[in-house]
Structures are given as structure tokens and as C-alpha cells.
Amino acid sequence: MFVILLFMFAGILSGYLFRKVRIRFINGIILTLIWALLFLLGLEVGLNEQVIRKFGTLGLEAILIAALGTLGSIVGARLLMPPVRNQALAGNGSGWSKKSLNDALHGLKGSLVILAFFVAGLLLGIFRLLSEIPFSDDLSFYVLEALMFMVGFSIGHQPDTVKQFRKIKSRVLLLPLMTVLGTWLGALVAAFLSRHALTDVLAVSSGFGYYSLSGIMITEYRGAELGTLALLANISREILALLLAPLMVRYFGKLAPISAGGATTMDTTFPIIMQTSGREYAIVSIYHGFIVDFSVPFLVSLWCLL
């Protein structure tokens, strides 16, 4: 985590030093690195035989936990926003109009491309089409480092970022708490539909998208099956945040993608948040990710020990 932050701050400094130089390819590099990271994530999942074997029995349950936890968190984030003025947010009872549907499809286009890279990696892993190619477990981390450097560069290259952050209301500091409580509320609902115990579902949902750490910890505490469920559920949450970020902003406000991203909002979902919520929410996203990320080992342990 601290290495990632170091790369981001190095990028911010570099971007600040070159702030007077017009650079057009920053967003293109960021997008390419996101594609690479999601492809490697899919490949990692596809090569994991244990996860693939349990996809049939655990997949739907994982999606249910992820979806309800994400929904609870973005509803919590919505409570921190000012009263709704936009008709699209408030809802007018008319459902999806042709214009709103076209706007939603346009906003999802980039996210669908991202999902396609994940699926491509997943299929290559499942069918072992890359099994003979040397694959470094550290490769994803190297790509993530490069991504965070470029994201930091993008922030530093915009001198008004800090000035815009000062305009954000102090109630935003409560966003990590709303993310946790909203996720647990969704987990309570999911537990009624799950074959696992309530504490198991709460432990799984307390990964907040941090699939690697939560999956490993829960495997150690409760066994491989629940660990696999945690891995799938938290990967699903991350993908939901990436895929639905434009719709979350439109219908739940600009804090919604941050809350939905959980522990990933200072790394993998951070670029998408900047694109959909705006650069003025960059520091909020980093703050939120740090707090939620830091809470994961404690909250997962708490529910596993109960």
C-alpha cells in the first residue's frame, strides 16, 4: 500500500514539475494501463483452478453479496450529498426514457471495454492458452505501480486540484463510515438468501473489494470455500464499481463510485472515479481508499472470530 502511495506522490511531483508543458497522451496511457491490469486480473482468476471449480456453486452467491453490499454503500454515500435537485437523480416515475438510455449506454461504453479485457484474460487462463508462457506474480503489481504514477502525474499536471478539493464539504470525511455501514446493511440482506452464516457473509463483505487480502485471511480463518467466496465477491465488487461508475454518478451522485469502490479507490478504481466523478474528488478518493483499506484486516478478523 505504501509503495503504491509512493509511486502516486512521485507522479504528482513529476506532473507538477512539468505542469507548464502541454502533454496530450496522459489519459491514453492511463486507459491502456487499466486495460492491462484488468486483463492480468482475469488471467490470474482463470489460472486459479480452485476458484474455477467453485464458480458454479459460489458464483451467484458472490455476485449477490457484492451487488447488495455495493448498493448499500452507494445509498449511504447518497445520504452525504446535498438535497437532490437534478430530476435524473430524484426520479420522475417515468422509468428509462430513450435519451436517458442512450446516455447510460454511452457512459458504459468505456467500462464495457474494460470488462472485455477482464473476460479475455479469464478465458485465456481457463483454457490454459498462456499456461506455457512464464508469468510473474509481480507483473500485476508492476502495472499497478505504473498506473498510479501516471494517475499522480495527471493530478500534479492540474494545478487547481487542491483548490477544488477545498470546496468539498466536511461531511465527506464520513464517507468511509457510510461505506462500511452501507456494505454491512447489504450483507444482512444477502445473509437471508445465502447458505452461509451471517458472520461469514459479513466477513466476506468486509473485504470491500480488497479481494487478495480478504480471500487469504478468510481462507486461513474459515477454510478454502469461504475464502474462494470472498475472492469472487470482492472481485465482483471491483468490477461493478468499474462497470457501473457512470450510472452511479448519474443516479446516486459523485460520491457513489468512491463508496462502491471500497478499498480500491486509491488504486484500481481511482482512474475511473476521476473520469466519472471529476478530478476534484481525487483526494477524497485517496482518503477514502486509505481508511477503508486500513480497516479491512481488522474488520475481516472481527467477523471471522465471532
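Reader: What percentage of the 306 residues in the protein do buried residues make up?
Author: This is a predicted model, in which local features need pLDDT of at least 70 and side-chain atom pairs count only at pLDDT 80 or more, while totals for chains, interfaces and linings use all residues. Residues are numbered from 1 along each chain as its sequence is written, and side-chain values use heavy atoms, with hydrogens and water left out. Buried means under 20% relative accessible area, exposed over 50%, and partly exposed in between (1.4 Å probe, protein chains only). Of the 306 residues in the protein, the buried share is 49%.

Reader: How many helices does the protein have?
Author: Helices (H or I, at least four residues) and strands (E, at least two) are DSSP runs, numbered from the N terminus. The protein has zero strands, and its number of helices is 15.

Reader: Among contacts in the protein between residues at least 6 apart in sequence, what percentage join residues at least 24 apart?
Author: Contact means heavy atoms within 4.5 Å. Among contacts between residues at least 6 apart in sequence, the share that joins residues at least 24 apart is 83%.

Reader: Where is phenylalanine 270, and is this residue buried or exposed?
Author: Phenylalanine 270 is placed in helix α14 (residues 270-277). Leaving aside neighbours within four places in sequence, this residue is in contact with several others, including Met8, Met148, Thr264 and Ile286.

Reader: Which residue forms a salt bridge with arginine 128?
Author: A salt bridge is a side-chain nitrogen of Lys or Arg within 4 Å of a carboxyl oxygen of Asp or Glu, and the structure holds three salt bridges. In one of them, the closest N and O atoms are 3.2 Å apart, and arginine 128 is paired with glutamate 49. The pair links distant parts of the chain, 79 residues apart: arginine 128 is in the loop between α6 (98-126) and α7 (139-156), and helix α3 (residues 49-53) holds glutamate 49.

Reader: Is aspartate 200 buried or exposed?
Author: Aspartate 200 forms a salt bridge with arginine 222, their closest N and O atoms being 1.9 Å apart. The partners lie in helix α10 and helix α11 (residues 211-222) respectively, 22 residues apart. Arginine 222 is partly exposed at 29% relative accessibility. Aspartate 200 has a relative accessible area of 12%, so this residue counts as buried.

Reader: What is the volume of the largest cavity?
Author: On a 1 Å grid over the protein atoms alone, a cavity is a set of points where a 1.4 Å probe fits but cannot get out, and lining residues have an atom within 4 Å of a point. Grid points are joined across faces, edges and corners, and a volume is the space filled by probe spheres set on the points. The structure holds two cavities of 30 Å³ or more. The volume of the largest cavity is about 50 Å³.

Reader: Which helices each supply at least two residues of the lining of the largest cavity?
Author: The lining includes Ile65, Thr183, Val204 and Arg237. The helices that each supply at least two of the lining residues are α4 (55-78), α10 (198-205) and α12 (224-252).

Technical notes:
On a 1 Å grid over the protein atoms alone, a cavity is a set of points where a 1.4 Å probe fits but cannot get out, and a pocket is an open set with protein on both sides within 12 Å along at least five of seven lines; lining residues have an atom within 4 Å of a point.
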